[in-house]
Amino acid sequence: MSIKETRDGVFLSIFVKPNSPKFKIEQDGEEIVVYATEVPEKGKVNKEIIKELSKRFRAKVELVSGATSKQKRLLVAGLRIDEVEQRLNAE
């Protein structure tokens, strides 16, 4: 499962595709795919993901693991799983 609720917030497991023409989020079955516009160097993709998801969720987003990987784990603080799912699907 890509989404898991804890007492601290919601953990998201995502797969990142850098160098995309437009930032977007898609659900591919159980996997959440994030298309980032930045190039994968010096943490640019990670910064873009945190910035864009913080705006989308209107909450603090932290990178928990996967700083140098395409598979990343994020924590969305202070939200419930239903709120995250609803905002994930909102464009």
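Here is a short chat about the core, a helix and a pocket in this predicted model.

Biologist: What makes Leu-12 stand out in the largest nonpolar core?

Modeller: Of the 21 residues in that core, Leu-12, Ile-49 and Phe-57 touch the most other members. Leaving out residues up to four places away in sequence, Leu-12 has contacts that include Ile-32, Phe-57, Leu-74, Val-76, Val-84 and Leu-88.

Biologist: Which helices and strands each supply at least two residues of this core?

Modeller: Strand 2 (9-17), strand 4 (31-35), helix 1 (44-57), strand 6 (71-77) and helix 2 (81-89) do.

Biologist: Why do you say the buried residues of helix 2 line one face?

Modeller: Glu-83, Val-84, Arg-87 and Leu-88 are the buried ones. Looking down the axis of helix 2, the buried residues fall within an arc of 130°, so they line one face of the helix. On the other side, Gln-86 and Asn-89 are exposed, and exposed means over 50% relative accessible area.

Biologist: And what covers the buried residues of helix 2?

Modeller: The cover includes strand 1 (3-6), strand 2, strand 3 (24-28), strand 4, helix 1 and strand 6.

Biologist: Now the largest pocket: what is its volume, and which residues are closest to its centre?

Modeller: The volume is about 160 Å³. Of the 14 lining residues, Pro-40, Val-45, Asn-46, Ala-67 and Lys-72 are closest to the centre. Helix 1 gives the most to the lining, with three residues.

Biologist: How do the lining residues divide into nonpolar, polar and charged?

Modeller: Five are nonpolar, four polar and five charged. Pro counts as nonpolar and Lys as charged, so Pro-40 and Lys-72, both among the closest to the centre, fall into those two groups.

Technical notes: Residues numbered from 1 in each chain as written. Predicted model: local features only at pLDDT ≥ 70, side-chain atom pairs only at ≥ 80, totals over all residues. Heavy atoms only, no water. Core = buried A, V, L, I, M, F, W, Y, C linked by side-chain atoms within 4.5 Å. Buried < 20%, exposed > 50% of the residue type's maximum accessible area, 1.4 Å probe, protein only. Helix = DSSP H or I, 4+ residues; strand = E, 2+ residues; numbered from the N terminus. Contact = heavy atoms within 4.5 Å. Arc of directions from axis to C-beta. 1 Å grid on protein atoms, 1.4 Å probe; cavity = no way out; pocket = protein on both sides within 12 Å on 5 of 7 lines; lining within 4 Å. Points joined across faces, edges and corners; volume = space filled by probe spheres on them.
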